[in-house]
Amino acid sequence: MKAAKTVKKPRKRKPKYILLYSPSLMKDTKHELIGEAVESDAGRQQWARCTVSHHSQLVNLDALEARDNHDIIIQFSKEDAIKYSPKNEYQVGDVIFHAAWDDIGIIRAKEVTSSGSNALVVQFEKLKEKRLIEALVR
């Protein structure tokens, strides 16, 4: 009689999740650690993908272990933001302050409206996503 041969199946690694600040959503979200951690001069670094927006960011694992997540988050204030005016032009990634709404937001994209004018897609802290006019000329 032949002995039964046992075949080892490769173990599928269980995904690890951490809570990180997502710059695209401007709030803390669950991130999945992807790939392997890499040693560098700055410490152990690994990519983390947001489970909501699917954006990836490189995180320093040593810094995360050394500090609470809230210590690493960069908060924007009204003084850091550019005051919004429909007459001005902006770049994707600019942080703006809307005085009428008393809210800070980050510009995520630019669009062309059906009338041919420019619109900004802005992710605000309080109001969520809004579209604002840009470079309005009268």
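Mentor: Let us begin with a single side chain. This is a predicted model, and in it Arg131 has a relative accessible area of 48%, so Arg131 counts as partly exposed.

Trainee: With which residue does the side chain of Arg131 meet in a salt bridge?

Mentor: The partner is Glu111, at 3.0 Å from N to O. This pair joins distant parts of the chain, for Arg131 belongs to strand β9 and Glu111 to strand β7, 20 residues apart. Glu111 is partly exposed as well, with a relative accessible area of 32%.

Trainee: How many salt bridges does the structure hold?

Mentor: There are six. One of them is formed by Glu129 and Arg108, whose closest N and O atoms are 3.4 Å apart. Because Glu129 lies in strand β9 and Arg108 in strand β7 (residues 103-112), this pair ties together parts that are 21 residues apart in sequence. Both residues are partly exposed: the relative accessible area is 38% for Glu129 and 30% for Arg108.

Trainee: Which residues are linked in a network of salt bridges?

Mentor: The network consists of Arg108, Glu111, Glu129 and Arg131.

Trainee: Let us turn to Glu134. Is Glu134 buried or exposed?

Mentor: The reasoning needs a cut-off: a residue is buried when its relative accessible area is under 20%. Glu134 has 2%, so Glu134 counts as buried. It is found in strand β9, which spans residues 128-134.

Trainee: With which residue does Glu134 form a salt bridge?

Mentor: Glu134 pairs with Lys110, and their closest N and O atoms are 3.1 Å apart. Lys110 lies in strand β7, 24 residues from Glu134. Lys110 is partly exposed, at 37%.

Trainee: Finally, in what order do the four strands of the open sheet stand?

Mentor: The order is β1-β2-β3-β4, with antiparallel pairing. The edge strands, β1 (16-22) and β4 (56-60), each pair on one side only. From one strand to the next, the twist averages 45°.

Trainee: How many bridges join β1 and β2?

Mentor: Seven bridges join β1 to strand β2 (residues 27-40), in the antiparallel sense. Within this part of the model, Ser22 stands opposite Lys27 in β2.

Technical notes:
Residues numbered from 1 in each chain as written. Predicted model: local features only at pLDDT ≥ 70, side-chain atom pairs only at ≥ 80, totals over all residues. Heavy atoms only, no water. Helix = DSSP H or I, 4+ residues; strand = E, 2+ residues; numbered from the N terminus. Buried < 20%, exposed > 50% of the residue type's maximum accessible area, 1.4 Å probe, protein only. Pairing = 2+ DSSP bridges. Axes fitted to C-alpha atoms, helices over the stretch in contact; angles between N-to-C directions. Salt bridge = Lys/Arg side-chain N within 4 Å of Asp/Glu carboxyl O.
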